[in-house]
Amino acid sequence: MAVSSFNCQACRWSSSPSSTLAPRARVSVARANTVAVSSKKRGFELRAVAEATATGTAMEAVELKKGIAELYDESSGLWEDLWGDHMHHGFYDPNAADVSVLDHRAAQTRMIDEVLRFAGISEKSPIRNDKRVVDVGCGIGGSSRYLSSKYGANCKGITLSPVQAQRANALAAAQGLANKASFQVADALAQPFPDGQFDLVWSMESGEHMPDKAKFVDELVRVAAPGATIILVTWCHRDLGASERSLQPDEKKLLDKICSAFYLPAWCSTADYLKLFESYSLEDIKAEDWSPYVAPFWPAVIRSALTFKGFFSLLRTGTKTIRGALAMPLMIRGFKKDLIKYSVITCRKPEETTV
Ligand SMILES: C[S@@+](CC[C@H](N)C(=O)[O-])C[C@H]1O[C@@H](n2cnc3c(N)ncnc32)[C@H](O)[C@@H]1O
């Protein structure tokens with residue numbers, strides 16, 4: 001399995017002059033593709049490139065991981081109180097107005113169903129009993145428990161947050177799903193699973209935290225079993241135009257502010273992700289922009305934070321959570337400017353694969 005040399009040098013998660021992968025990231029993506037495709041032949045040389053490009057970002061990667069773990073350790077209880085099991089956008093009918101809290105929770109589970117449908121896994125062709133699922137960046141395990149209880153899937157979730165892993169296991173036990181869904185602290189960029197373990201590789205809104213998108217995709221592909229479906233739902237920046245080498249300065253500035261608040265490294269575009277997936281022998285690679293379907297989400301999150309309960313709970317959490325809350329309007333601005341895209345990407349690993 002190829003280990004690519006893609007590293008985010010254009011944007012450090014903390015305070016970089018640029019928070020987009022372009023233009024250097026575009027170079028990196030191209031290089032990552034080359035690595036993934038030809039590493040068997042040129043393994044030694046490419047490993048050297050990987051080491052060289054990794055040097056200097058190791059510290060940031062460690063700090064980023066620590067920050068992500070602390071952010072979710074701190075904020076997950078409050079989120080669960082206000083929003084329940086799922087830490088991801090809801091799927092709404094476009095132009096839906098005045099939706100209640102219950103509608104928002106339904107929209108979050110609808111998101112899971114819509115994503116499965118997009119990937120060709122509908123209730124007519126259900127995830128068969130005991131299908132093995134890895135939930136990469138699992139939060140408190142909402143997706144896994146949903147997939148276990150609705151489809152009988154066997155789910156293993158990984159998160160950087162010890163608090164989330166513990167809570168996810170406790171909720172699974174409380175719902176009688178302990179034998180179906182289990183959770184542990186582990187890094188998506190070095191998953192603690194052997195190759196080819198899972199029939200469904202599921203990553204719901206964790207990809208935006210990954211500082212090395214090529215390594216991230218590489219791991220998603222590696223743990224997928226022959227015939228497995230891979231699903232990646234993630235925040236991207238808009239695709240660049242043919243004549244563009246990078247995002248506009250005001251766009252970079254906006255993404256930088258969001259990165260600092262939410263512990264995100266450089267963003268990439270959907271096209272960048274597609275290039276990464278296309279560098280493997282995968283089938284049915286497809287992507288859609290679902291930004292119009294998630295539009296009511298952030299205004300609703302802000303409204304929930306401004307309720308009496310939300311506001312005082314927020315004050316009791318910690319600085320990371322408060323900083324994140326203050327950055328929420330920036331997400332709305334990013335979507336409205338067509339800068340931020342809600343990307344749904346799926347593909348299948350061939351039954352017999354040489355990936
Ligand atoms: C926005 S939450 C989404 C949680 C969950 N997928 C859901 O939809 O409810 C992002 C999750 O990604 C996880 N995450 C971020 N970077 C990670 C990494 N390198 N390895 C494993 N998990 C990671 C966080 O710990 C957190 O659980």
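I started with helix H7 (residues 249-262) and helix H13 (residues 328-336), which pack at an angle of about 145° with their axes 10 Å apart. Axes here are lines fitted to C-alpha atoms, for helices over the stretch in contact, and angles run from 0 to 180 degrees between N-to-C directions. Helices (H or I, at least four residues) and strands (E, at least two) are DSSP runs numbered from the N terminus.

I kept in mind that this is a predicted model: local features need pLDDT of at least 70, side-chain atom pairs count only at 80 or more, and totals for chains, interfaces and linings use all residues. Residue numbers run from 1 along each chain as its sequence is written.

Which residues of H7 meet H13? I found Leu-254, Lys-257 and Ile-258 against Leu-330, Met-331, Arg-333 and Gly-334. Contact means C-beta atoms, placed from the backbone, within 7 Å.

Next I looked up the ligand. I noted 23 residues around it, with His-88, Gly-137, Gly-139, Ala-188 and Ser-206 the closest; being near means a C-beta atom, placed from the backbone, within 6 Å. Helix H2 (58-83), helix H4 (142-151) and strand E2 (154-159) each give two or more residues to this shell.

Last, I picked Ile-68, which sits in helix H2. Is Ile-68 buried or exposed? It counts as buried because 24 other C-beta atoms lie within 10 Å (20 or more is buried, 12 or fewer exposed, in between partly exposed, with C-beta atoms placed from the backbone). Leaving aside neighbours within four places in sequence, I saw Ile-68 in contact with Leu-160, His-209 and Tyr-263. Its C-alpha is 7.9 Å from that of Phe-262, 194 residues apart along the chain.

Notes: Contact = placed C-beta atoms within 7 Å.
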